[in-house]
Amino acid sequence: GPAAGVVSNFYNSNLTVSTGATLVVPSGYIFNQYYLVAPSGTLSVASGGTLKLAGTTGGQTGSNFPSGFSTVSLASGSTVVYNGASAQSIYATPTYGNLTIAPTGASVDPLSTSLIALNLLTINGATASATLDMAGNTATVGSLTGTAPAIIENNNASTQMLTVGSDGTTTAYPGTIINVTGTKIVSLTKVGAGTLTLSGAN
């Protein structure tokens, strides 16, 4: 394969991850849309398609989420996985279908802005401790699950809302939801049908 650090540039093109397909962008690799004047083309991940991002630089907001596309379309049944070996900033501008944070090394991953995931947010600490830092942003997700040690925190001097349940499914979250200090607070709201079971120290 190409050497680490390669930049794969698309020129005024579309990039589609089809149903059943997985596009892996490993650490050190960057996928960008090349344009002369303004972003162009569409990045699409279809239902059943998966985009895996391992890099911590390049692309969008300190992750290697592909950049330069004028439109990002993530189907409700698609999945984006952040699995870097160290901290990745979660590019929260697009609306996600399913979002998984599964680092290969202990990391604290901050949101770049407020997050919407139509379906499942998974924080998987099975391989290494995984922390989602809301970083002063809200998060609205269809459902929530994970594998301990998984942590949701808000390392920002404000109270931010984590809203769970809009997809109506029943899930369990074994991790923790913590307040970093008395002013850095996560406020959890459960909405919709289905049950959310919290079994961690919250």
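Asp-109 is buried (under 20% relative accessible area, with exposed over 50% and partly exposed in between; 1.4 Å probe, protein chains only). Even so, Asp-109 has no salt bridge, defined as a side-chain nitrogen of Lys or Arg within 4 Å of a carboxyl oxygen of Asp or Glu. The nearest side chain of opposite charge, Lys-52, is 15 Å away. Lys and Arg count as positive here and Asp and Glu as negative; His and the chain ends are not counted.

The model is predicted: local features need pLDDT of at least 70, side-chain atom pairs count only at pLDDT 80 or more, and totals for chains, interfaces and linings use all residues. Residues are numbered from 1 along each chain as its sequence is written, and side-chain values use heavy atoms, with hydrogens and water left out.

Asp-109 belongs to strand β10, residues 107–110. Strands (E, at least two residues) and helices (H or I, at least four) are DSSP runs, numbered from the N terminus. Contacts (heavy atoms within 4.5 Å) were listed without residues up to four places away in sequence. On this basis Asp-109 touches Ser-86, Ala-87, Gln-88, Ile-90, Ile-101, Thr-131, Leu-132 and Asp-133.

An open sheet of 8 strands runs in the order β3-β6-β8-β9-β11-β13-β15-β18. Its pairing is parallel; two strands pair if DSSP finds at least two bridges between them. Strands β3 (22–25) and β18 (185–190) stand at the edges, each with a single partner strand, so one side of each has no neighbour in the sheet. Neighbouring strands are turned by 25° against each other on average, direction ignored. Axes are lines fitted to C-alpha atoms, for helices over the stretch in contact, and angles run from 0 to 180 degrees between N-to-C directions.

Strands β15 and β18 pair in the parallel sense over 6 bridges. Thr-159 stands opposite Ile-185 in β18. Thr-163 lies in β15, residues 159–164. Thr-163 is buried, with a relative accessible area of 17%. Beyond its neighbours within four places in sequence, Thr-163 contacts Ala-139, Thr-140, Val-141, Thr-189 and Val-191. Its C-alpha atom is 8.3 Å from that of Gly-142, 21 residues apart along the chain.

The count comes to 1 aromatic pair. Phe-65 and Tyr-91 form this pair, which is tilted, at 5.0 Å centre to centre and 55° between the planes. Rings of Phe, Tyr and Trp (its six-membered ring) pair if their centres lie within 6.5 Å; planes under 30 degrees apart count as stacked, over 60 as edge-to-face and the rest as tilted. Phe-65 lies in the loop between β6 (50–53) and β7 (71–74), and Tyr-91 in the loop between β8 (79–82) and β9 (98–101), so the pair ties together parts 26 residues apart in sequence. Both Phe-65 and Tyr-91 are buried.
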